[in-house]
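Here's a quick briefing on a ligand site and the pockets of one structure. Have a look at the model first, then read on.

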Number of protein chains: 2
Amino acid sequence: MKHLPHKTIERLSQYRRALLICLDKGQTHIYSHEIAKIQHITAVQVRRDLMLIGYTGTLRKGYNVKELIELIGEIIDSQEGINVAIIGMGNLGRALINYFAGKRSHLKIVASFDINPDKIGNTMSGVPCFSSDDMGKIIPEKNIKVGIMTVPAEFASQTTDALVKAGIKGILNYTPKPVTVPKEVYLEEYDMITSLEKVAFYVKLNEKEEE
Amino acid sequence: MKHLPHKTIERLSQYRRALLICLDKGQTHIYSHEIAKIQHITAVQVRRDLMLIGYTGTLRKGYNVKELIELIGEIIDSQEGINVAIIGMGNLGRALINYFAGKRSHLKIVASFDINPDKIGNTMSGVPCFSSDDMGKIIPEKNIKVGIMTVPAEFASQTTDALVKAGIKGILNYTPKPVTVPKEVYLEEYDMITSLEKVAFYVKLNEKEEE
DNA sequence: AGAAATTTGTTATTTTTTTCACACTGTTAG
DNA sequence: CTAACAGTGTGAAAAAAATAACAAATTTCT
Ligand SMILES: NC(=O)c1ccc[n+]([C@@H]2O[C@H](COP(=O)([O-])OP(=O)(O)OC[C@H]3O[C@@H](n4cnc5c(N)ncnc54)[C@H](O)[C@@H]3O)[C@@H](O)[C@H]2O)c1
Ligand SMILES: NC(=O)c1ccc[n+]([C@@H]2O[C@H](COP(=O)([O-])OP(=O)(O)OC[C@H]3O[C@@H](n4cnc5c(N)ncnc54)[C@H](O)[C@@H]3O)[C@@H](O)[C@H]2O)c1
């Protein structure tokens, strides 16, 4: 396999989640158009993605749910698992830790960091909170590869620098402040305001078109 | 102007945020490559986007920060503003309401909904919480156009249906459960697990390539 | 004043992503 | 048994997005 399109990676993760639900319901096989419907895309797109990862279904029966889940896992998960930290135990950080903790086995949240002394030393959803000053020590020690950044925007840059210095390999930045990392660190930024403004834009557009 | 690429819309929102920060700092002009650097894209891309919205900068001086902010506002905001509701006042819902409330003037969070009697009747960050049973009444009454969905995944579908029935025009779904809406409703889904898995994937990939 | 440097605006090109179109093949109904 | 059907797999085409290339214009330097 050469290299998978960016978008395919995202969709594979989404397919898997849909498939896990099907598996729970006891469904053994699924058609490309069923997956497509769930994800609001076309069946061809699904088949193409699966072609890219080299999975081939059964003619007229569709894809084997269990097999496909496993294959997607082989592609997008790393066997050893990846340790993750959340930096900034505020509203968003707490929501995330609650949500993620114990969900995905290969993505383990093993630490959180904050500067507020009231938070340092506590444990939340089984995840201990350390002082941000100790990132340089804890991150290599716990073999943390990925950091989810939920500090106030004004601390985004300095936190990023500290993470990079501590040897982090990937950052998911939920701060609205774009940050910069060296090219060996993978950076993903997501801004909720952008999503909301986008929805608002298309709502407005639809309304205009109706006139 | 014909129609702007999907991606351009997202970037415009991001440019604006970057520009607002510049404005605060007293910067009056900005070059395309400065904007580009902040957003991790190329200067050509920025110039192209601005070309699409018909903004033209000053040669050798760059773009007028204030003017550009205003133009972007004219393009992506609706003058009357858009009223927004959050459905599901759990961890994520509360984080969002705290975060959004009073941030963007044209996007006003005017209501929240929940089924938990302890939450109904309360006010958070100035936003009143109503019973989800009343969505059909409150949404048209308060002229709410967009709903941010943060209910537990298992309630995603029924909440969506209720929102659509109440006349909502756009939904931002933060639930990991994909939902279906009629085509006149704009739907945006975002799944944090997908983002995290994507980061993990590329981290793993980078490590492999280093070998 | 003229040359060099810098930045915009836009056309053309390339790359990436999506969709089309259709061959192929089990399955089912008659 | 066979024809119609319903699905997969994939090369080719189209569409969308990003990048390159460069003319034009303004500032700055000499
Ligand atoms: N709350 C949301 O729904 C939401 C949505 C989108 C984006 N965001 C962004 O996420 C970030 C956090 O939002 P929030 O609502 O949780 O804010 P918050 O103020 O509730 O939490 C911030 C936390 O970070 C800690 N902190 C401050 N400086 C730090 C540092 N240098 N190192 C480590 N921790 C530090 C604070 O002690 C606090 O616990 C902000 O940048 C915000 O813009 C939040
Ligand atoms: N917490 C996170 O960081 C996070 C991250 C990504 C996605 N999510 C998703 O967001 C959703 C909410 O997460 P959370 O952590 O806030 O969960 P939560 O359990 O803390 O909150 C859910 C809230 O929704 C309310 N609710 C339940 N049924 C409802 C209904 N029919 N109508 C209106 N309100 C209803 C509950 O009373 C509760 O207040 C979940 O689907 C979760 O998967 C959460």
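Which helices each supply at least two residues of the shell around ligand 1? They are helix H5 (91-100) of chain A and helix H5 (91-100) of chain B. Keep in mind that this is a predicted model. Ligand 1 sits between chains A and B, and H5(B) gives the most to its shell, with 3 residues.

**Around ligand 1**
- There are 23 residues around ligand 1, and the ones that come nearest are A:Leu92, A:Asp114, A:Lys119, A:Val151 and B:Tyr99.
- Sorted by class, the shell has 14 nonpolar, 7 polar and 2 charged residues.

**Polar contacts of ligand 1**
- The side chain of A:Asp114 has an N or O atom 2.5 Å from an oxygen atom of ligand 1.
- A:Val151 puts a backbone N or O atom 2.7 Å from an oxygen atom of the ligand.
- For A:Gly90, a polar backbone atom is 3.4 Å from a ligand oxygen.
- On its own, ligand 1 exposes 820 Å², and the protein buries 86% of that.

**Largest pocket**
- This one holds about 1800 Å³ of space.
- Its lining counts 50 residues, with A:Lys7, A:Glu10, B:Lys7, B:Glu10 and B:Glu188 nearest the centre.
- H1(A) gives the most to that lining, with 7 residues.
- The lining splits into 15 nonpolar, 17 polar and 18 charged residues.

**Second largest pocket**
- Here the space is about 890 Å³.
- Of its 37 lining residues, B:Thr150, B:Val151, B:Pro152, B:Ala153 and B:Thr175 lie nearest the centre.
- By class, the lining has 21 nonpolar, 9 polar and 7 charged residues.

Methods:
Residues are numbered from 1 along each chain as its sequence is written. Chains are lettered from A and ligands numbered from 1 in the order in which they are written. This is a predicted model: local features need pLDDT of at least 70, side-chain atom pairs count only at pLDDT 80 or more; totals for chains, interfaces and linings use all residues. Side-chain values use heavy atoms; hydrogens and water are left out. A residue is near a molecule or strand if one of its heavy atoms lies within 4 Å of it. A polar contact is a pair of N or O atoms within 3.5 Å; within protein, one must be able to donate a hydrogen and the other to accept it, and residues adjacent in sequence count only if both atoms are side-chain atoms. Accessible areas come from the Shrake-Rupley method with a 1.4 Å probe; for residues, only the protein chains shown count as cover. Helices (H or I, at least four residues) and strands (E, at least two) are DSSP runs, numbered from the N terminus. Ala, Val, Leu, Ile, Met, Phe, Trp, Tyr, Cys and Pro count as nonpolar, Asp, Glu, Lys and Arg as charged, and the others, Gly among them, as polar. On a 1 Å grid over the protein atoms alone, a cavity is a set of points where a 1.4 Å probe fits but cannot get out, and a pocket is an open set with protein on both sides within 12 Å along at least five of seven lines; lining residues have an atom within 4 Å of a point. Grid points are joined across faces, edges and corners, and a volume is the space filled by probe spheres set on the points.
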